[in-house]
Amino acid sequence: MQPVSEILNPERMEALRAKIVISDENEAAEREAERAHTVAQLVDAVTRHTPPAHRGDLAPCDPVSMVDEWANATGVQEAQRLILAGPTGTGKTRLAWYALQCAVAARCGNVSTAPDLRLDDTNLFRFVTMIDLVRTPGEAKGPYRFLVIDDLGQEPAATDHAKETAAAALWDVLNYRWDHCLTTIVTTNLGGGNVPSWREGQEPELATILGRYGDAVWSRLQPAQVVKVLGSDRRLAT
Ligand SMILES: Nc1ncnc2c1ncn2[C@@H]1O[C@H](COP(=O)(O)OP(=O)(O)OP(=O)(O)O)[C@@H](O)[C@H]1O
Ligand SMILES: [Mg+2]
């Protein structure tokens, strides 16, 4: 048996300690590399699902900077909701895909949560239009870490019944997301559409959302980071 004096020999102890530090460092580096790899794969999954018209780099502008800030926000309620609002064709849907990528990159990087994310994770995100959401609410209701509801207000609303059905479906999805602290990105041209006030850059009447879907829906969309996406219709410019 090894004498105790030899085990406790200061030089030997120092050497052992150094070994432990090195192995801790190695482990930390390995975990960091694994985390970076996981995040890259998750961002790649979003990129692969991004439709061709909404791919590519975005030139710097105020809405892009605001989306960047939102994606990197941590620990605040606003980080759970982003509303991209503006008239037709200004780039809201494109920004929503961008916001999704940025948020996945920025928020899935936590070492303690990365192992929870399976690479084939079908619960990472869903991108639905409001028309889809009303038609098949079950598609949007689920533990998706990120959900985009594109074109709020575009669903049929010619009758009271249609309006109530849409409001109920939206309430159900938003209520689930609020309760589970899940991130939701909404695009809409409610509150102005092509009304000149949007074009002039005045405050959009987001209260239109409240008027159309009621207090309970509005409340579950708050607090939110609102980004106005203004300008001319990019489709008409091409
Ligand atoms: N910043 C941008 N730079 C270049 N092209 C852009 C930009 N933003 C959007 N586009 C392109 O302009 C077209 C319209 O954009 P998008 O569909 O995002 O508009 P939208 O605001 O969602 O319109 P709508 O309200 O009708 O849904 C798309 O082909 C999109 O790729
Ligand atoms: Mg759109």
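Predicted model: local features only at pLDDT ≥ 70, side-chain atom pairs only at ≥ 80, totals over all residues.
Visitor: How far apart in space are Val173 and Leu147, C-alpha to C-alpha?

Guide: In sequence, 26 residues separate Val173 from Leu147. Val173 belongs to helix H7, whereas Leu147 has a bridge partner in E4, namely Thr184. The C-alpha to C-alpha separation of Val173 and Leu147 is 9.8 Å.

Visitor: What handedness does the β-α-β unit of E3, helix H7 and E4 have?

Guide: Strand E3 covers residues 146-152, helix H7 covers residues 160-179, and strand E4 covers residues 183-188. E3 and E4 pair in the parallel sense over five bridges. The unit that E3, H7 and E4 make is right-handed.

Visitor: What is the order of the strands in the open sheet?

Guide: E2 and E3 pair over five bridges, with Ile149 of E3 as the bridge partner of Val128. E3 pairs in turn with E4, and E4 pairs with E1 over five bridges. Four bridges then join E1 to E5. With parallel pairing, the five strands have the order E2-E3-E4-E1-E5.

Visitor: Which strands stand at the edges of the sheet?

Guide: The order of the open sheet is E2-E3-E4-E1-E5. A strand at the edge has a single partner strand, so one side of it is left without a neighbour in the sheet. The edge strands are E2 (125-129) and E5 (225-228).

Visitor: What does the twist average from one strand to the next?

Guide: The sheet in question is open and has five strands with parallel pairing. From one strand to the next, the twist averages 15°.

Visitor: Which residues cover the two faces of E1, and are they buried or exposed?

Guide: Five of the five residues of E1 are buried. One side holds Arg81, Ile83 and Ala85, and the other holds Leu82 and Leu84. Both faces are covered, and these residues are all buried.

Visitor: Where does Asp151 lie, and what is its phi?

Guide: Asp151 is buried, with 21 other C-beta atoms within 10 Å. It lies in strand E3, a strand in which seven of seven residues are buried. Asp151 is a residue other than glycine with a positive phi, near 65°.

Visitor: Is Cys181, which also has a positive phi, buried or exposed?

Guide: Cys181 lies in the loop between H7 and E4, and its phi is about 55° although it is not a glycine. Cys181 has 10, so its class is exposed.

Visitor: Which peptide bond is cis, with omega near -15°?

Guide: The proline concerned is found in the loop between helix H10 (215-220) and E5. The cis bond is the one from Gln222 to Pro223.

Visitor: Which element gives the most residues to the shell around ligand 1?

Guide: The shell holds 16 residues, the closest being Gly91, Lys92, Thr93, Arg94 and Arg234. It divides into three nonpolar, eight polar and five charged residues. Two elements give two or more residues, helix H4 (92-107) and helix H11 (234-237). With three residues, the element that gives the most is H4.

Visitor: How far apart are the end C-alpha atoms of H4?

Guide: Of the 16 residues of H4, 13 are buried, so the helix is largely enclosed by the rest of the structure. At 1.5 Å a residue, H4 should span 22 Å. The separation of its end C-alpha atoms agrees with this, at 21 Å.

Note on methods
Residues numbered from 1 in each chain as written. Chains lettered and ligands numbered in written order. Pairing = 2+ DSSP bridges. Axes fitted to C-alpha atoms, helices over the stretch in contact; angles between N-to-C directions. Near = placed C-beta within 6 Å. Nonpolar A, V, L, I, M, F, W, Y, C, P; charged D, E, K, R; others polar. Buried ≥ 20, exposed ≤ 12 C-beta atoms within 10 Å, placed from the backbone. Right-handed = clockwise from strand over helix to strand, strands pointing away. Expected span 1.5 Å × (residues − 1).
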